[in-house]
Amino acid sequence: MVNVIKALAALLPGRVISGSQVSDKYSVDWSGESAFTPAIVVRAKTVSDVSKLLAFCDQEKLPIVTQGGMTGLSGGSTPQASEIVLSLELLSGITDVDVESMTLTALAGTPLEQLQQAANEAGFYLPLDLGARGSCTIGGNVATNAGGNQVLSYGMTRALVLGLEAVTADGTVIRSMNKMLKNNAGYDVKQLFIGSEGTLGVVTEVVLRLFPKPLTKQSALCGFSNFSQVVSFLQYMQRSCSRVSTFELMWDNYVKQVRQMNQQLTPVLANDDLLYVLIETEGNDPEGDDTFFNCQLQACLDDGILNDAVVAQSERDVSRFWQLRDGVTDILAKVKYRANFDIGVPISQMANFVHTVEVELTASFENLQLCTFGHMADGNLHIIAWTGREADVDVIYKQVYTLVGEMGGTITAEHGIGTLKRQYLSLCRLEQEINLMRALKKAMDPNNILNPGRVI
Ligand SMILES: Cc1cc2nc3c(=O)[nH]c(=O)nc-3n(C[C@H](O)[C@H](O)[C@H](O)COP(=O)(O)OP(=O)(O)OC[C@H]3O[C@@H](n4cnc5c(N)ncnc54)[C@H](O)[C@@H]3O)c2cc1C
């Protein structure tokens with residue numbers, strides 16, 4: 001190890017920290033599981049740093065784990081024993097805003113929130129948004145094909161990436177900085193790096209698609225007694241409003257838990273509903289959009305599709321609604337031994353799935369706590385389950401993932417497989433699919449140095 005540190009320090013002067021210089025922040029992602037303080041951290045500042053590091057490690061067959069903002073929830077960026085950490089925290093900054101092509105280009109370690117602000121300042125809109133926006137990086141978003149709060153209208157990260165630069169395992173820099181919506185010249189190589197969780201290459205720079213800023217935005221928090229009302233509401237609003245950008249569903253067990261953990265969150269709706277939806281629509285008619293939105297909600301109330309609704313009258317109201325949805329951060333920070341799910345099931349199966357999970361887990365575990373919420377319109381549910389006992393966590397994972405497989409769902413809709421879900425991949429992917437993934441990995445990283453043990 002001493003020789004490796006010396007060789008790296010000579011190859012990348014000023015970029016290498018080791019031993020007692022390495023702080024805890026490099027030891028575990030937001031999953032909080034299996035923290036391990038690495039012996040060596042390389043803080044790359046340029047693509048050339050990344051290229052040199054990878055070429056060296058490939059030659060020496062040394063495993064690397066890439067770290068962005070460490071907000072991942074699947075253990076993907078948590079170092080394993082003997083891995084060198086490649087941190088991209090210094091590879092940060094916006095490199096280009098092209099107002100005519102409507103693109104924004106940034107280095108991989110740039111926090112998402114900075115990109116949102118830069119787009120806004122340039123008069124545009126970057127619709128990628130998630131609760132971890134202040135800490136997660138665009139490279140991490142691309143590597144995980146992050147979803148978030150506006151997938152319903154704008155798609156996952158994949159739909160927003162026009163081009164990228166990545167470094168492959170042997171240090172080759174693949175610069176594919178396309179800015180056009182259409183480009184069918186051969187294979188679309190950027191797709192290999194999007195969503196492959198750092199196993200096929202290290203993303204170093206990204207070209208993102210920007211959108212015109214919507215002129216108006218409407219937000220409401222709505223209450224329901226049953227799931228079929230929610231489905232009818234979603235379809236009604238999608239039919240009648242020009243763009244439903246957000247549709248976040250929260251079960252009452254989630255809302256109660258968030259309020260309990262953050263006493264400052266006062267109830268928004270008077271009713272004691274069983275389900276809550278935070279809905280947002282976007283439009284371009286400042287004169288008419290708010291009235292139209294209110295009329296649609298009124299029509300749903302009149303038809304019995306919805307029980308109750310509070311429409312935001314100010315930015316303060318909007319942030320009150322989002323505090324409830326983003327309250328998951330408090331749960332993740334405060335609950336230690338938890339099973340944290342990011343599963344997908346067809347909307348037609350969702351109510352049955354949630355009910356079955358509740359019945360089966362309650363029957364199996366004492367003191368079970370469940371919080372259910374998620375990007376329901378994308379078929380994506382988050383469930384956090386805990387009993388206070390560490391030993392129960394793996395059993396809960398197994399039980400729920402088995403149900404997901406039986407209902408034709410996916411064990412991860414947006415957070416990725418990482419290390420934590422790898423053993424369950426075959427519950428939602430066929431053998432032939434997994435074999436093709438393995439063949440790709442072998443072709444692109446024959447020495448298995450990039451994020452080994454993640455995904456497959
Ligand atoms: C409160 C909270 C809310 C969240 N909400 C959402 C949500 O709504 N939707 C969603 O999809 N996710 C969500 N997440 C999960 C997480 O924020 C995303 O997965 C995010 O994209 C991770 O970005 P990161 O920079 O933190 O990546 P990291 O956690 O550092 O890394 C994640 C994975 O990507 C790899 N990686 C990181 N950077 C690169 C790179 N440049 N090149 C190659 N590989 C790389 C890592 O090795 C690791 O495997 C949430 C997390 C938290 C804590």
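1. A word on the ground rules. Residues are numbered from 1 along each chain as its sequence is written, and side-chain values use heavy atoms, with hydrogens and water left out. Because this is a predicted model, local features need pLDDT of at least 70 and side-chain atom pairs count only at pLDDT 80 or more, while totals for chains, interfaces and linings use all residues.

2. Start with the whole protein. Its secondary structure comes to 15 helices and 18 strands (DSSP runs numbered from the N terminus: H or I of at least four residues for helices, E of at least two for strands). The C-alpha trace spans about 70 × 55 × 45 Å along its principal axes.

3. Now look at the ligand. It is surrounded by 36 residues, and the closest are Thr66, Gly68, Thr71, Gly72 and Thr137 (a residue counts as near if one of its heavy atoms lies within 4 Å). By class, this shell has 12 nonpolar, 22 polar and 2 charged residues. Here Ala, Val, Leu, Ile, Met, Phe, Trp, Tyr, Cys and Pro count as nonpolar, Asp, Glu, Lys and Arg as charged, and the others, Gly among them, as polar.

4. Which elements build that shell? Strand S3 (64-67), helix H4 (138-144) and strand S10 (202-209) each supply at least two residues. The largest share, 5 residues, comes from H4.

5. A backbone N or O atom of Gly69 lies 2.8 Å from an oxygen atom of the ligand, and a polar side-chain atom of Thr144 lies 2.9 Å from a ligand oxygen atom. Taken alone the ligand exposes 960 Å², and the protein buries 97% of that (Shrake-Rupley method, 1.4 Å probe).

6. Finally, the structure holds 1 cavity of 30 Å³ or more. On a 1 Å grid over the protein atoms alone, a cavity is a set of points where a 1.4 Å probe fits but cannot get out, and lining residues have an atom within 4 Å of a point. The largest cavity holds about 40 Å³ of space (the volume filled by probe spheres set on the points). Its lining includes Gly148, Phe247 and His375, and the largest share of that lining, 4 residues, comes from S13.

Technical notes:
Polar contact = N/O pair within 3.5 Å; in protein donor to acceptor, adjacent residues only side chain to side chain. 1 Å grid on protein atoms, 1.4 Å probe; cavity = no way out; pocket = protein on both sides within 12 Å on 5 of 7 lines; lining within 4 Å.
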